[in-house]
Amino acid sequence: MKRKRALQSILFCVVFLIVINGIYPVLSWKDTGGDYHSVFDTFYDLDGDLVDVLFMGSSRCYCAINNSILWNEYGIASISLSISGQDLASTYYCLVEALKTQTPKVVCIESYGAVFDGYEVIGNLYRNTLPYKLSPNSYEAAQSIVTEGNPLDYWLKWPIVHTRYSELTRKDFETDFPAYLGYSADFHTEPIQNTPLYTGKEAVPTSERNEEYLRRIIALAKEHDISLCFFVAPYAASEKEQKIYNYVKQLAEENQAAFLNMLTLDDELGMDVQTDYINWFHTNYFGAEKISHYMGRYLKEHYSLPDRHGDGRYALWDEDAIVRQHEVQNELVLRKTSDMTDYLTLLPQLDGYTVFLSTDGKYISDNSGTDVLEYLRGLGVNEEYYTGRHIWIWEDGQIIYTSPDTDFLEYGDLPGAEYALISSKIANSVLIDRTSHRKTPDGINIVVYDNVLKEVVDSIGFYSIESYSTIR
Amino acid sequence: MLFNSIDFLMFFPIVVLLCLIIPRKLRYLWLLAASYYFYMCWNAKYAFLLLAVTLCTYLSGLFLPRCRRAFTRRLTLVSCILLNLGLLFYFKYFDLFLNTFNRIFSRLHFQLADRGFDIILPVGISFYIFQSIGYVIDVYRNEILPEKNPFRYALFVSFFPKLVAGPIERSGNLLEQLRELDRKPLLEPGCVSGGLTLMVWGLFVKMVIADRVAILVNTVFEQFYLYGTVALLAGAFGFALQIYCDFMGYSTIAAGAARVLGIRLMDNFDTPYFSRSISEFWRRWHISLSSWFRDYLYIPLGGNRCSRFRKYFNIMVTMSLSGLWHGADWSCVAWGLLHGFYQVAGDLTRSVRQKIYTSLSAKTNSFSFHLAQVVSTFLLVDFAWIFFKADSISIAFAFCKRIFTKWDPWSFFNGEIYTLGLDRPEFNILFVSVTVLFLVDLIRYKKKQNIVEFLQEQCIWFRWGAVILLAASILVFGIYGVKFESSQFIYFQY
């Protein structure tokens, strides 16, 4: 009887733990560098000993280093365990965590952490404490990083993440996110005023706490026989900050670590203050492109790094490259194209997309002079259909659906979403995840769904009454 | 150390595990040490106060049977009671007395002191002093033999599950069980699973319902002057729910923790909001205190076996002191008096009401009649809660006045209700949780079964499913952690 009771108790605990284990991933913190981008989730899913170069640091690091460029151009398998607001203490504990499963040949640390202390933004504190798995290292990290509140809450996570129940979205319940190796592409551009380059030798010490963790990072790297490369990504650094970087440089050189101050490499990098920054201390996609190329060449020249292309274990890096390529295509090609004829010409070339095109109302303009029918014919639309109100679907450039002549209701699934096509005597409508994307009552409406990023990336209308003017 | 804290989550299993290791005969000593540690987590100094109350009542209990003369017995009893009530007065009521005295005599330019002595109220003082006084009276009445073992008696006073917010245990129940503790096997299967289930239920009621509705209640009561009828009613009804779930939750966790340790504490709540009269409400609400006042004050005053006037006097005295017990504030006394008034008025109008029912041929045994009684009793109780919650009597009156004068039914429909601290998802969670609470209370009311007894009759999949669902709800929807400050149990201040 006692044994039966004991077994029942154990079984009850197991069932309870299974339930809790099922709930936790939903509530868990999924953001290290933007909504639903947690590089830790990628990292914990990696097989052991894959990463050759590990990047660490604050948001300045994940804005500056484009892992897909390092992969595509130099065959370097890198990952950026960089987190918004990551201070040097957090960098140290991240490194400890990384070295549990990976044996990188080089660890590159963006050194902005040396010029600030602690966390002023609570969100950054969450980003730097909550992604860890439970372990003695994460306990120590919480104890060191959390200065206000109870570190135990941050270590256990539940006391914090359970409050997310009120902000859960569909993404919290999904498990299949696009590949993410840490780089966050930002295409926003804001001209900045660069600060004068400090060329003197004066070095201002970083805080005692920062120095302690710098030394611990150096010691840990030595212990694991890892090459360290401290670097400073370009930004409008103040003179005092540049003097602190001089101190970091001294410390690095004393310990046979490399120090790459990109503040002094504007010409080599080709940085342009008009086009390469999001703001005064973050680089945008164009800046990151230049920095990543330079970094790729530098790493190849100074370290013995194998080209991992063609190695089946690195499929994730190929996936990441495709994701990044889609981001670029969506932002710099698709969303930049406004002319209807250009847009219609572009559609058949889209690989990895589902395109919905609907003709609605008086969709054939009487006075535009544009032969819309010719373009539709060019897309493969059957002539007998394009004089009526219809919806067509293209996938990877091929028509996969043409709506019937009568009123219709069609629905189906996309990767990570669902669609519904509704046609009545009044209007045509394309709904993706219950959201209508109808832009114009008269003319052509197009919705582009990215099957890789699993989201609607463009939705555009061409208003026939006003010569197919563009409505976004 | 709150029951709904990580500290208690670590403390309680350690206490239970060490109970298993320690020889049975020494188990009560371990529980005593654990209880004092539990109490000292709030304020270590006040352990001496607990010790003083324990020593005083222990020695009185030992001395009483040896007194041959009735006068000496009575003198011992009265001295002991006065000493304990003196401590209670000093720590809990001195500031009230001082402020009231100064206010009354300020016109004569006479005052005792500029301000109060800034005394921190020792947590749970009213509970353990009343329990200790109850023990001495029981010994005086020869209803129980005095406890000779000072450590066992100290455990009776300080037993940690009920130490800071009751129930106010009777020596006939708790002391007798502590005397049997050496002979009882620990961790009896039914006790452990039943106790843990009770703890989970108590935590659910406290953390998911009480602490959630507290957000709305505090919003409304703190800025009542900004709100109209709908919000004020929501606040008033919310407080009725909050105080019930808070206190019932605590009592249930206490009963669960005690049961895991093999002790059955007395029931403190029995579906009070299903009461059909105010006197029935007091038989179902805070039963340990109500029965204490009944046995040690109301009946000795003459109870209801006396003239009608004297009976009403006894009711008013008992209820006003009950109000004063709940808080060192005249609004609490007003709350008690209001309840006394309800009972007196109910008794005075009983024959008239009966005549009306008869003349109208009202079906007094019908569901609708009972429902009307339950609803009207609840409304009266809830009206009185406004005085209990408000910071002063004048605020309570202002609050009530606004309910009747700031009529704004549109705010029920325009979403304003969701701006009182709880948005729509929070309201949804609250609604589902309160529905669960209602069903559990309904089962108790109809079948006379508490949640443990009910679950024990069910299939294993339902039993486990219910407990896992409750525990998971606490973990996910409970108000705790960084975003919300865990509010203390309301009854700790008594």
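Visitor: How many residue pairs are in polar contact across the interface of chain B and chain A?

Guide: This is a predicted model, in which local features need pLDDT of at least 70 and side-chain atom pairs count only at pLDDT 80 or more, while totals for chains, interfaces and linings use all residues. Residues are numbered from 1 along each chain as its sequence is written, chains are lettered from A and ligands numbered from 1 in the order in which they are written, and side-chain values use heavy atoms, with hydrogens and water left out.

Across the interface of chain B and chain A, the rule finds six residue pairs in polar contact, both residues at pLDDT 80 or more; such a contact is a pair of N or O atoms within 3.5 Å, and within protein one must be able to donate a hydrogen and the other to accept it, with residues adjacent in sequence counting only if both atoms are side-chain atoms. On the side of chain B that touches chain A, two or more residues each come from helix H9 (189-222), helix H18 (424-447) and helix H20 (460-477) of chain B; helices are DSSP runs (H or I, at least four residues), numbered from the N terminus. H20(B) gives the most to this side, with nine residues. By class, the side comprises 15 nonpolar, two polar and three charged residues; Ala, Val, Leu, Ile, Met, Phe, Trp, Tyr, Cys and Pro count as nonpolar, Asp, Glu, Lys and Arg as charged, and the others, Gly among them, as polar.

In total, 20 residues of chain B are in contact (heavy atoms within 4.5 Å) with 22 residues of chain A.
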